[in-house]
Amino acid sequence: MSITVSPPVAAQKSRRHLGLAILALAMGGFAIGTTEFAMMGLLKEIEEGLGISTPEAGNLISAYALGVVIGAPVFAALGAKLPRKNLALGLMLFLALANLTSFIAPDYGLMLLSRFASGLPHGAFFGVAAVIAAGLVAPTKRGWAISMVMAGLTVSNVIGVPLATWVGQTFGWRLLFVIVGAIGLLTVAMVWRFVPFEAAHPDASIRRELGALKRLQVWLALLIGIIGFGGFFAVYTYIAHTMTSVAGIPENLIPAVVALYGLGMVVGNIIGGRLADKSVMGTIYWVMPGIAAALVVYAVAAHWAWSAFLMAFVVGGIGSMLTPALQTRLLDAAPGAASLASSLNHSALNIANALGAFLGGTVIAWGWGYVAPALVGAVLALLGLLVAVISGVLERKKALAT
């Protein structure tokens, strides 16, 4: 006797499986977001623990970002012939183990090395996760699917980062890396269980993936992220110092500030995904000047506790609106090399991370104060808008010529 499943039940089951698969991928983003951003909330504790200066502690963040920049294209290209599920599993296992090495790193030099290693799988994981998620839904919902994967990164700033910051302040900053390692291993189990297996494309190769690098629009999209997002990270890197030294917020409330920043990122990411499904370039054109304006206001608002809290939410939100659009733009710009192009987005964002941390640390070292990085970031956002306009003009000219 055979049992048939009615269409409504089958559809409900399909939606549940889709949700669990995206949740598994988002959990990886949660682990990555926690290890990347909790470092910023614990910067003072790390300085004291390792006996280093603020700019040196900022170098730990830059080392992680450099790992992302290098690891994203390398792992995406080398994993081109692997089934995407297997690649995602291997990358998340690497991340979990690398974070455990940060837990035991005894000095500044080895901590720099371990943070670099921890960043290596970051971009490639997000790249392959975005491609997997986009392939699970209709083309008109790609922006939504990508934003849901990225939601793991943003939600980490509401839950994972504040929790890790509190644990680090209360019980020791090195416990951050144990937490991330545990989340990484949980992600491995969830991806193994819920993400559907799909064989690698028969024509997949390193050469095919590297073909993305021949496309001008890919490079322009990356440049938008590198320049335009730098200000976002310039602010976030030194947010603990700004809130305590400028706004006068007690140090024990920094986890709340980080959570509010993260909540803004969650909201911004969701809105950005919906906007990207309507117009990718239109979203970029509107968000970039929004980032610039928000950072200028933040530089003023940071002098009072109540307005500093408010602008932490606003800056987190407006900055995160850009991510789904950039991710989708790269998928469109390199349809035959989706994994590498998608991974390169996170290389770009982490060059922006390193750029923001460096420029922010530089203006602080010059004695310009802790609000100066926000003003530098506003300039970077406007430069990113200029690149986006150039990209759009060139694309329209090419379309007219054909």
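Val195 touches Ala21, Ala24, Leu25, Lys85, Ile132 and Met190, leaving out residues up to four places away in sequence. Contact here means heavy atoms within 4.5 Å. This is a predicted model, in which local features need pLDDT of at least 70, side-chain atom pairs count only at pLDDT 80 or more, and totals for chains, interfaces and linings use all residues. Residues are numbered from 1 along each chain as its sequence is written, and side-chain values use heavy atoms, with hydrogens and water left out.

**Val195 and helix H9**

Val195 sits in the loop between H9 and helix H10 (206-210). Helices (H or I, at least four residues) are DSSP runs, numbered from the N terminus. Val195 is buried, at 2% relative accessible area. Buried means under 20%, exposed over 50%, and partly exposed in between (1.4 Å probe, protein chains only). Lys85 is 110 residues from Val195 in sequence, yet their C-alpha atoms are 6.9 Å apart.

Helix H9 covers residues 175-194. Its buried residues are Leu176, Phe177, Val180, Gly181, Ile183, Gly184, Thr187, Met190 and Val191. The 20 residues of H9 should span 28 Å, and the end C-alpha atoms are 29 Å apart, which agrees. The expected span is 1.5 Å times one less than the number of residues.

**Helix H15**

H15 (residues 280-301) has 22 residues. From first C-alpha to last it reaches 31 Å, close to the expected 32 Å. Ser279 caps its N-terminal end, with a side-chain oxygen 3.0 Å from the backbone nitrogen of Gly282.

Thr283 lies in H15 and is buried, at 5% relative accessibility. A polar atom of its side chain is 3.2 Å from the backbone oxygen of Leu275. A polar contact is a pair of N or O atoms within 3.5 Å; within protein, one must be able to donate a hydrogen and the other to accept it, and residues adjacent in sequence count only if both atoms are side-chain atoms. Beyond its neighbours within four places in sequence, Thr283 contacts Leu275, Ala276, Met321 and Ala325.

Side chains of opposite charge can pair when their charged atoms come close. A salt bridge is a side-chain nitrogen of Lys or Arg within 4 Å of a carboxyl oxygen of Asp or Glu. The count by this rule is one. Glu395 pairs with Arg329, and their closest N and O atoms are 3.0 Å apart. Glu395 is in helix H19 and Arg329 in helix H17 (residues 322-333), so the bridge ties together parts 66 residues apart in sequence.

Leu213, Leu216, Trp219, Val379, Leu383, Leu386, Ile390 and Leu394 form a nonpolar surface patch. Together they have about 710 Å² of accessible area, from the Shrake-Rupley method with a 1.4 Å probe, where only the protein chains shown count as cover for residues. Patch residues have over 30% relative accessible area and no salt bridge; nonpolar side chains (Val, Leu, Ile, Met, Phe, Trp, Tyr) are joined within 5 Å, like charges within 9 Å. Helix H11 (216-228) and helix H19 (372-401) are the elements giving two or more residues. H19 gives the largest share, five residues. Leu394 is found in H19.

**Accessibility of selected residues**

| Residue | Relative accessible area | Class |
|---|---|---|
| Arg329 | 7% | buried |
| Leu394 | 35% | partly exposed |
| Glu395 | 36% | partly exposed |
| Ser245 | 47% | partly exposed |

Ser245 is in helix H13 (residues 239-245). Its C-alpha atom is 17 Å from that of Leu375, 130 residues away along the chain.
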